[in-house]
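Subject: Two-chain model, handover and findings

Hello,

Here is the model I promised to pass on. Please open it first, then read my notes below.

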Amino acid sequence: MQHRLVWSMVLTVAAAALAGCGETRPEGYYDVAPQAALARLRQADIIGFRDARQCGMLISFRQLEDASGIISWDVSSNDVPVAGFSLKVTPSGQGSVIAIGVLTGPNGAEVYDGEQHYTHPALMQPLRPSLRELVDAAIEKRPYDWHRLPQPLNTDELCGSERQNLEAGGAVYSIDDPQGMPHADAEAARSLGETLSVERDGIPRSITSWGK
Amino acid sequence: MMRQALRLFAGLASLPLLAGCGSGWASYAVTSEAARHALVGTTIPDLAFGYEAHAEPARPIGNGVVWQIDRGAGDTSAREPLLLLVAKLAPVQGGTEVSVDVQPAAGTDRAAFDKTVTGQPAVHDLFVAIASEAVDAGLGHREFNLARIHFQMAVAALSMLPQIQDQMDRAAAAQEQQERNAVDEAYRAAGQ
């Protein structure tokens, strides 16, 4: 009898522990209802994100939203696509899970995954952690804060050096100029009649389906 | 002036931290005239100021001598008066009493100087210690001994740590703002 009582207690404790495990919140969970989460994501500080993560090219963001609760941003420079990402909101308990989708590049890998090399980089790598901060900031209704990003902040040296030149108020880079050449230098060369060869990274136009 | 003083004090923080001693006044068994004669022309090594400042040789004033401390130890063209270390000589029974004081250099803002000095008593004490050691070395006909001001250096450096951190934070924030402005200007110029 005593033996059964002990086992009963053990099983009760184990069941409670397992129930506790089951309540572990999924990755990307926010204690905000889906509609409220979507509303906050629509107001995400995309300019703060741009300022914190761009390289030396001027880029623009086009925000799209579909009926299934996915908000996407197409990133382009001079109308040439350079990146794209999406945020998908799904209900989870009393809150929401916000998943991040990133455009797949021509080599089959996610763009700006921390391992990619571009002739005309637009954003610092890795992109995903910087997007999580975009979501966190939006849900918390605060400006984008790069100080919250985990290391490494950037794995792309070309991007970093072009960004430094842009921030110093000197050089702006263009996707229509050769790799690493400041736009002013390219214009000067063209004015002298030089024909400049411009590389392309082949980033697709937009996210056509979730994460692709 | 305040920023210059902060830079000087920040430079002092890099000096070795060893124990020593210093005082604000002392008596010497020499006449005031002999004391003044011995002190005029004496110098203070730049290392005492962490190579952030330079002391001109002592020159006579009415009742003592003064060392003018200029910002910028190495580059003479960049030097500008920062403050004065004053040694006042008063005849007393059997000799001369020497008291030291820290005063603003001519042309500097007295109110800002006083605010800095009262807000940073440890730094004031360091300058007093430097002046006292300069007097003691001059009247003792010996070299300036840095070991005798190391304690005050250590205390001053520790007392300045919050200000140094704050100054670094503000400099970083200003740099970030400047960079943001440059980026904003680039987008404005491009019409985006």
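The notes below go from the chains to the cores, and then to the helix packing.

This is a predicted model, in which local features need pLDDT of at least 70, side-chain atom pairs count only at pLDDT 80 or more, and totals for chains, interfaces and linings use all residues. Residues are numbered from 1 along each chain as its sequence is written, while chains are lettered from A and ligands numbered from 1 in the order in which they are written.

**The chains**

Chain A has six helices and five strands. Helices (H or I, at least four residues) and strands (E, at least two) are DSSP runs, numbered from the N terminus. Along the sequence, the pattern of chain A is α-β-α-α-β-β-β-β-α-α-α. Of its 212 residues, 32% are buried. Buried means 20 or more other C-beta atoms within 10 Å of the residue's own; exposed means 12 or fewer, and partly exposed is in between, with C-beta atoms placed from the backbone.

Chain B has five helices and six strands. Its elements run α-β-α-β-β-β-β-β-α-α-α from the N terminus. Here 29% of the 192 residues are buried.

Contacts are pairs of residues whose C-beta atoms, placed from the backbone, lie within 7 Å. In chain A, 57% of the contacts with a separation of 6 or more join residues 24 or more positions apart. For chain B, 62% of the contacts between residues at least 6 apart join residues at least 24 apart.

Between the chains, the contact takes eight residues from chain B and eight residues from chain A. On the chain B side there are five nonpolar, one polar and two charged residues. Ala, Val, Leu, Ile, Met, Phe, Trp, Tyr, Cys and Pro count as nonpolar, Asp, Glu, Lys and Arg as charged, and the others, Gly among them, as polar.

**The cores**

A nonpolar core is a set of buried Ala, Val, Leu, Ile, Met, Phe, Trp, Tyr and Cys residues joined through C-beta atoms within 7 Å. The largest has 38 residues, and Ala83(A) and Ala122(A) have the most contacts inside it. Elements of chain A that each supply at least two residues of this core include α2 (34-42), β4 (80-92) and α4 (127-139). A second, separate core has 37 residues, among them Ala35(B), Ile44(B), Leu84(B) and Val98(B).

**Helix packing**

In chain A, α2(A) and α4(A) pack at about 110 degrees, with axes 8 Å apart. Axes are lines fitted to C-alpha atoms, for helices over the stretch in contact, and angles run from 0 to 180 degrees between N-to-C directions. The two helices α2(A) and α4(A) are therefore roughly perpendicular (65 to 115 degrees; under 35 is roughly parallel, over 145 roughly antiparallel, the rest oblique). Ala37(A), Arg40(A) and Leu41(A) of α2(A) meet Val135(A), Ala138(A) and Ile139(A) of α4(A). By class, that contact has five nonpolar, no polar and one charged residues.

In chain B, the axes of α4(B) and α5 (residues 150-189) come within 8 Å and cross at roughly 155 degrees. So α4(B) and α5(B) are roughly antiparallel. Their contact has eight nonpolar, two polar and one charged residues.

Gln120(B) sits in the loop between α3 (110-119) and α4 (121-139) of chain B. Gln120(B) is partly exposed, with 19 other C-beta atoms within 10 Å. Gln120(B) and Ala156(B) are 36 residues apart in sequence, and 8.2 Å apart in space, C-alpha to C-alpha.

Best wishes

Technical notes
Two residues are in contact if their C-beta atoms, placed from the backbone, lie within 7 Å.
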